[in-house]
2 protein chains.
Amino acid sequence: MERTDHSFLNQATADEASRIFKALADPTRIKILYLLSQEECSVGHITEVLEMTQSAVSHQLSTLRKLRLVKYRREGSTLYYSYDDEHVITILQQVLTHINCK
Amino acid sequence: MERTDHSFLNQATADEASRIFKALADPTRIKILYLLSQEECSVGHITEVLEMTQSAVSHQLSTLRKLRLVKYRREGSTLYYSYDDEHVITILQQVLTHINCK
DNA sequence: TTAACATATGAGCATATGTTCATATATGTA
DNA sequence: TACATATATGAACATATGCTCATATGTTAA
């Protein structure tokens, strides 16, 4: 049998999909994205809600920023973050819905 | 303001979601699941298509088995694997479709 | 300018992850 | 039984990940 194109993914596509799933593969980032799916939030607010250190939250925001999943605007010394990738939010919501349906 | 339930995810839900995304956060597992989304496959077939060692594939199948994302049946000395979680396959397909749409 | 506040960032560390290599197990066949 | 084939598994290793701690940067107000 010939190797047919439909039977496998090329590396680039698999890598790109993996990149997206990796972004969601951490509870902290999931909580952050879930928060941001509901409202724009300051770093301080996220830190309070998640009950984590400011540094840990900021590092994760940095990760999400590099992945272009969040963006921010400045107001004085406060940074307000919001999500920047509708598709990823949709995927997250589907998985969360599925979990809560069980 | 009171802390309201809608504003954050409980740890258990975030962990469970992260567990699902972690399973998909590797290119090899993505390729395997994509293959299995199309047809039941023997380990040998997967190994050939992915051009990886038998051991590497088998380890990943073990991971997917533990996560209950795949199942298998035996036919002689050959094991045929197939997917065992419709929802995860759906999520994977959505992400792949999204990537190819860009 | 100085101090206080909000946030970011680098180094270090412990743990998790994915592969390879060697070997074990299970099945079929001579 | 002995051997070949198909697959699984344990150990080892390199790399990635997520956090903490200390400190840097940017902004506002006195």
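**Strand pairing in chain B**

Start with Val70(B), which stands opposite Tyr83(B) in strand 3 of chain B. A note on what is on screen: this is a predicted model, where local features need pLDDT of at least 70, side-chain atom pairs count only at pLDDT 80 or more, and totals for chains, interfaces and linings use all residues. Residues are numbered from 1 along each chain as its sequence is written, chains are lettered from A and ligands numbered from 1 in the order in which they are written, and side-chain values use heavy atoms, with hydrogens and water left out.

Strands here are DSSP runs of E, at least two residues, and helices are runs of H or I, at least four, both numbered from the N terminus. Two strands count as paired if DSSP finds at least two bridges between them.

Strand 2 (residues 70-75) of chain B runs antiparallel to strand 3 of chain B, joined by 6 bridges. Arg74(B) has Leu79(B) in strand 3 as its bridge partner. These two strands make a hairpin with 2 residues between them, and Gly76(B) in the turn has a positive phi of about 65°.

Strand 3 (residues 78-83) also pairs with strand 1 (residues 41-42) of chain B, antiparallel, over 2 bridges. There, Ser42(B) stands opposite Tyr80(B).

What order do the strands take in the open sheet? In chain B it is 1-3-2, with antiparallel pairing. Strand 1 and strand 2 are the edges, each pairing on one side only.
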